[in-house]
Structures are given as C-alpha cells and as structure tokens.
Amino acid sequence: MDSKELNSTYNLRRAVLIGMCTLLGCLSFVLGIINIAIEAKWITLGFIELLYAICSFTLAIIAIKRRHQFWQVLLYVFALTAIVIYAVSLSQTINSMICWVLVLPTVYYLLLGKKLANFPVIILFAAVIAEIIVKYGSTLNPLLINFIFSYLLIWVVSHTYEKNRADSEAKLQKLALQDPLTLSFNRLALTKYYEDIVANQSLQAIA
C-alpha cells in the first residue's frame, strides 16, 4: 500500500485543488475577457485573471498527475488572495465582492491546513476591513459589522472542522502504522517517514 493512499489529507487536498483550479480557471478566463472589454481601469485585472486562468489549468493538470508540490499550492493560494484584494480595491462598492471573500477561509483550511491557513485568512480579513473603512468611513456601518461577524464565524467553523479532521486522521494513521501490542512501527510507517522528510526538505529549499 502506498502511504499516500493512507493519507486522507493528501487525497482531500488534491481533490479540492483539482476542482478549485478547474473552476477558477474557467471563471478567471471568462471574467478576464469581460473585464478587458468593460473599461480601462479593469484591463489590468483582466490580464491578471487570464494569466491566473492559465496557471489554474496548469496546476490542475499537475495535480491530476500527482506531481504537484506544496509550494505550488501555497503560491497559488496567495496569488488568489492578492487578486481578490486587488479586485475589492477597484470596486466602487465592496458589496459584490463579499461573497468571494467569505468563501476563501474554508478553501484556505482545506488546502493549507490549520497552521498555515491563518496567514492568508488574517491578510484577507485586514485588507477587506481597510477597504470598507476607506470606502464607507470609519463609522460602524451595517456592512462592516455584518462582514466582521460573518467572516469570524466562517473562520472559527473552518478552523474547528480542520482541527477535528486532522486529529481523527492522526489517530487512524497511528492505528495503521503502529502495532498496538508491541508499539513498533511497520514498513508503511518507514515509507511515510521518508516521504515526510523529502517534503520538509523541499519546503525548506524555497524558504
């Protein structure tokens, strides 16, 4: 048995990545064409979205072949965050972009896990609050209040779900990798340990 087959986190994130890249690739392509055709101030965003569509399709193909690296997912997520923040800054009213902003925390946790997901979650949260204050003033308006509580609710739910899912998987992996009587590790545990070392070395190489 391959250790990746045992790792439900890898399989979950791979499936989410493929579906997300395919959907966002199609959507970015359509929005890119529309934004280029609308008016001058949206042209830059349109070309960025077309480039992001190409990157999305490329990463989807790589993930289908099981050749994607974690740093590619990390770069893809932060690029998406930057595009959403840029689109929010261009909009005269922020209302239309709220739906995208509220979806992203769950995506972050599904793709990055509970430790690394906090960074893009906080960045997006702070950037959108700053844009709301710039566009509507520093007073506590209904949009700001609703956004803060909605975002925090989704953040807490996503974090709690990912934490419980990771804890459950860790318990199942321990049962599969370690003999409960002798507490000795089996051959699959050695394979998984080697793959974790390789993954950590590739992550440190880009740091």
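1. Ground rules. This is a predicted model, in which local features need pLDDT of at least 70, side-chain atom pairs count only at pLDDT 80 or more, and totals for chains, interfaces and linings use all residues. Residues are numbered from 1 along each chain as its sequence is written, and side-chain values use heavy atoms, with hydrogens and water left out.

2. Leaving aside residues up to four places away in sequence, V101 touches V84, V88, L124, V128, F147 and Y151, where contact means heavy atoms within 4.5 Å.

3. The α4 and α6 pair. The axes of α4 and α6 (residues 118-136) lie 10 Å apart at an angle of about 5 degrees; axes are lines fitted to C-alpha atoms over the stretch in contact, and angles run from 0 to 180 degrees between N-to-C directions. The two helices are therefore roughly parallel (angles under 35 degrees). Among the residues that meet are V77, F78 and T81 of α4, and F119, P120 and I123 of α6. The contact divides into ten nonpolar, two polar and two charged residues (nonpolar: Ala, Val, Leu, Ile, Met, Phe, Trp, Tyr, Cys and Pro; charged: Asp, Glu, Lys and Arg; polar: the others, Gly among them).

4. Salt bridges. There are four of these, each a side-chain nitrogen of Lys or Arg within 4 Å of a carboxyl oxygen of Asp or Glu. E162 and R13 pair at 3.3 Å, N to O, tying together parts of α7 and α2 that are 149 residues apart in sequence. E162 is buried, at 2% relative accessibility (buried is under 20%, exposed over 50%, partly exposed in between, with a 1.4 Å probe and protein chains only). R13, E162 and R165 form a salt-bridge network.

5. Bridges within one helix. K135 and E131 pair at 2.9 Å, N to O, about one helical turn apart in α6; K135 is partly exposed at 24%, whereas E131 is buried at 19%. In α7, K163 and D167 are also four residues apart and pair at 3.2 Å, N to O.

6. A loop residue to look at. R66, between α3 (43-64) and α4 (70-90), has a positive phi of about 60 degrees although it is not a glycine. R66 is partly exposed, at 40% relative accessible area.

Notes. Parallel < 35°, antiparallel > 145°, perpendicular 65-115°, else oblique.
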